[in-house]
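The following exercises are to be worked with the sequence and the structure at hand. Each task is followed by a solution in steps.

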Amino acid sequence: MAATMAKPVNGVSNGNGVSENGMNGNKLENGNKLENGICYADESGLAYIDFDHNDPLQLFRDWLQEAKTCSCLLPEALVLSTATQDGKVSSRSLLLRRIEEDGIVIMTDNRSRKVREIKENPRVAIVFLWVYKKDGVTQNKQVRIEGSIEQLTRPRYQDLYDREPFFCKVRAHICHQDSPTEWETLKEKHDTLVKRVQQKETDLPMPDHFTAFKVFPDFMEFYYGKEKHIADRILFVKDKPQVDWHMQRLTA
């Protein structure tokens, strides 16, 4: 029997399923043009955020857990931006302390610049960025959050202070956040306090200025990209705390 010839695609079949372009000799494989041995389809694609619910906080939990599972360094790290009433913006890195059903919790010094700005303008923006390998492929995920922020009462974050590492409790006692200091003075305060703890003179109770805030998101944007793929973005917004989220896919 005669051999079955492959159907040519924009060129002349060479009989083995690969076609030759009659103009420049570049091969076509499965309809994808090769340039110097590179298949275009392997050089670009679209990332896709796969989810089956309308709860952005659950999607955030899922992404955070994956970042932890894939050994991302400091997955709880975030950038918090605040602004004065006249629009002067400042940003700094913090750690996520807890995810609750309707928001996320952070901790800080009640005497800090960020708290002064929060009390003046109780709207904030937060960014999480996670870069890690999964199945050998670099994953790039970002979550942007905007919303209102409220200070919590002490009983609602006492457990967070109790779980703090020793050096963090020492810091809370010796550091007046954002105030000028001399290194030698701070070192002396540090060593004196550590010695008092060793001698059982204090157990480092939670200071009055140690505080926590909760962010109530009304804007959450998820960005997902990976190697040689154009990123996918999904935006969740809502007008009021008790209403449902509205979802919209965005271009990268």
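**Exercise 1.** Determine whether Leu74 is buried or exposed, and locate this residue in the predicted model.

*Solution.* Step 1: Leu74 is placed in the loop that runs between α2 (residues 56-69) and β7 (residues 77-83). Step 2: its relative accessible area is 57%. Step 3: the term exposed applies over 50%, and Leu74 is therefore exposed. Step 4: the backbone of Leu74 shows a positive phi of about 45 degrees, although this residue is not a glycine. Step 5: together with Leu73 and Leu95, Leu74 makes a nonpolar surface patch of about 340 Å².

**Exercise 2.** Lys228 has a positive phi although it is not a glycine; state the angle and describe the setting of the residue.

*Solution.* Step 1: the phi of Lys228 is about 55 degrees. Step 2: Lys228 belongs to the loop between β13 (residues 210-226) and β14 (residues 229-237). Step 3: the relative accessibility of Lys228 is 51%, so Lys228 counts as exposed, given that the limit for this class is over 50%.

**Exercise 3.** Assign Arg196 to an element, classify its accessibility and list its contacts beyond four places in sequence.

*Solution.* Step 1: Arg196 is part of helix α6, which covers residues 183-198. Step 2: a relative accessibility of 35% is found for Arg196. Step 3: buried requires under 20% and exposed over 50%, so Arg196 counts as partly exposed. Step 4: once residues up to four places away in sequence are set aside, Arg196 touches Glu201 and Thr202.

**Exercise 4.** Describe the largest nonpolar core: how many residues does it have, and which have the most contacts inside it?

*Solution.* Step 1: the largest nonpolar core has 34 residues. Step 2: the most contacts inside this core belong to Phe60, Phe128, Trp130, Val143 and Phe222. Step 3: at least two residues of the core are supplied by each of α2, β7, β10 (103-109), α3 (113-120), β11 (123-134), β12 (137-151), β13 and β14. Step 4: α2 gives the largest share, 6 residues. Step 5: with neighbours within four places in sequence left aside, Val143 contacts Phe60, Trp63, Ile126, Val127, Phe128, Trp130, Met220, Glu221 and Phe222. Step 6: another core, of 16 residues, lies apart from the largest one, and among its members are Tyr157, Val170, Leu193 and Val197.

Notes. Residues are numbered from 1 along each chain as its sequence is written. This is a predicted model: local features need pLDDT of at least 70, side-chain atom pairs count only at pLDDT 80 or more; totals for chains, interfaces and linings use all residues. Side-chain values use heavy atoms; hydrogens and water are left out. Buried means under 20% relative accessible area, exposed over 50%, partly exposed in between (1.4 Å probe, protein chains only). Contact means heavy atoms within 4.5 Å. Patches are made of residues with over 30% relative accessible area and no salt bridge: like charges are joined within 9 Å, nonpolar side chains (Val, Leu, Ile, Met, Phe, Trp, Tyr) within 5 Å. Accessible areas come from the Shrake-Rupley method with a 1.4 Å probe; for residues, only the protein chains shown count as cover. A salt bridge is a side-chain nitrogen of Lys or Arg within 4 Å of a carboxyl oxygen of Asp or Glu. A nonpolar core is a set of buried Ala, Val, Leu, Ile, Met, Phe, Trp, Tyr and Cys residues joined through side-chain atoms within 4.5 Å.
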